[in-house]
Amino acid sequence: MFEKLRIVFTIPELRKKVLLTIGLLAVYRIGFHIPLPMVATNLGESSGGAADFFERVSMFAASDLRQATIFGLGIMPYISASIIFQLLGSVYKPLEELKKEGEAGRKKLNEYTRYLTVAICLVQSYMYLKFMLMAGGPGGFGNINPNFLNAEGTGLFWGWQIVAVLVMTCGTVFLMWLGEQIDEYGIGNGISLLIMAGILAQMPKALYELIRNMKPQLTGLSRGQVGIETLILLVLLFVCVVFGVVFITLGQRKIPTQSAKFTRGRRVYGGTRQFLPLRINQAGVMPIIFASSLLMIPGVFFGFMAGLFETDSSLFRWLNMVGLSMQDQSSYFFNLLYVALIFFFCYFWTAITFNPKEMSDNLKESGTFIPGYRPGKRTTDYLEKVMVRITYVGAAFLGLIAIVPTIVYGSLGVPYSIAGFYGGTGLLIAVSVAFDLVQKIDSHLVMRNYRGLLEGAGGGTSPVV
């Protein structure tokens, strides 16, 4: 492996791409430590529900929302805009036609996505600022430097509010530009690498917290105590979870296809037997993102509604109890609802991104058919049936991966910042982006007659179901 890495840096073009990518990712991380000028402290030091909310959002948003920095919003507004246009492209006819126009249509969609990203940034940064103002401190302004409050001391001066919104919006637009530069001049998918960098940047802090709380003795797997056997169990569990994620991420259902024979002159073409690969986890990481986002809304909403009533009223107690139950990630109700939403969004996202009729028509136009099924409706029905079955397996896998951090947190009592790396959005994104990056590097190596990074280690094949 070290020899292969050495070869990567001996190729001038590939070395330039890798170093440029690393440099741009370093710029991305530096921006996360530059706070807004009007902020006195980070949100992680404040008390109240806002800090807890931002801590949970940070794990799946790949950004540290507990600190009001110039890159505080991360790249998630751009991801949200891309998802919105992808959903609209399936139901809105003009966008659907635009997607079929090739490179010109793709550039136009990217332009619309950038405009929507700016709009989302303006809204999210303003709401983010308001949540920050309400979090902790006497009068609700403990996180703001007193020099930036208005004359009455009742809030942040409106001019500084505009500056903060514009700075955070420009920060996200700059990250979007960084991702495009990585796409064009670096290696790998720029936006995905930015998200993975945000996730992996939280690992040293979580590892330090684990080592700091560790006791060099046997604790009998006592909850809340990290002993030698607890550490060994955590390492083995992490290896098993990563292996499962890799297996399902690369897993495919290969459907045999046969191309028709045709004669041109004296030669016979076609008649070859190939395979149509269908991914088991067709929906990717999107169901977990949708389910996590949706489950955060009720807890925040009921907590906000409870704050409108007196603390000794029965309505306050009821709303507060409902809000706390929706935020308790260790409860059975929360996890059952979480898994149910993941199953729903798995089928929903697969139905949007996978069109069996279009695939059947493409096979028919290319003179290819599935043995035993006539081209047309029967092929469409067969593809749809297969996709429904393998989506069930993919959804069950995503549901299991999503609740593994909760199981680790509830049974072993380790901090959630550590348990969060045992599943969920972060692990899936990290594994998927890592494989994509390795494939991009392998393409450069193979083009120059070198062996790929994972060649000979089982990385060249995919599990078949």
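Biologist: Which residues in helix 2 do Val 8, Phe 9 and Thr 10 in helix 1 meet?

Modeller: This is a predicted model numbered from 1 along each chain as its sequence is written, and side-chain values use heavy atoms, without hydrogens or water. Local features need pLDDT of at least 70 and side-chain atom pairs count only at pLDDT 80 or more, whereas totals for chains, interfaces and linings use all residues. Contact requires heavy atoms within 4.5 Å. The partners in helix 2 are Pro 12, Leu 14, Arg 15, Val 18 and Leu 19.

Biologist: How many residues of the contact of helix 1 with helix 2 are charged?

Modeller: Ala, Val, Leu, Ile, Met, Phe, Trp, Tyr, Cys and Pro count as nonpolar, Asp, Glu, Lys and Arg as charged, and the others, Gly among them, as polar. The contact has six nonpolar residues and one polar, and the number that are charged is one.

Biologist: Are helix 1 and helix 2 roughly parallel or roughly perpendicular to each other?

Modeller: Helix 1 (residues 2–10) and helix 2 (residues 12–31) pack at about 95°, with axes 5 Å apart. Axes are lines fitted to C-alpha atoms, for helices over the stretch in contact, and angles between N-to-C directions run from 0 to 180 degrees. Angles under 35 degrees count as roughly parallel, over 145 as roughly antiparallel, 65 to 115 as roughly perpendicular and the rest as oblique. Helix 1 and helix 2 are therefore roughly perpendicular.

Biologist: How many helices are there in the chain?

Modeller: Helices (H or I, at least four residues) and strands (E, at least two) are DSSP runs, numbered from the N terminus. The chain has five strands, and its number of helices is 17.

Biologist: How many residues of the contact of helix 11 with helix 13 are nonpolar?

Modeller: Helix 11 (residues 286–306) and helix 13 (residues 332–353) pack at about 135°, their axes 8 Å apart, and are therefore oblique to each other. The residues of this contact include no charged one and one polar one, and the nonpolar number is 15.

Biologist: Which residues in helix 15 does helix 13 meet?

Modeller: The axes of helix 13 and helix 15 cross at roughly 145° and come within 9 Å. On the helix 13 side, Asn 335, Tyr 338, Val 339, Ile 342, Phe 343, Cys 346, Tyr 347 and Thr 350 take part. Their partners in helix 15 are Met 387, Val 388, Thr 391, Tyr 392, Ala 395, Ala 396, Leu 398, Gly 399, Ala 402, Ile 403 and Thr 406.

Biologist: Is Thr 391 buried or exposed?

Modeller: Buried means under 20% relative accessible area, exposed over 50%, and partly exposed in between (1.4 Å probe, protein chains only). Thr 391 lies in helix 15. Leaving aside neighbours within four places in sequence, Thr 391 is in contact with Ile 280, Cys 346, Tyr 347 and Thr 350. At 3% relative accessibility, Thr 391 counts as buried.
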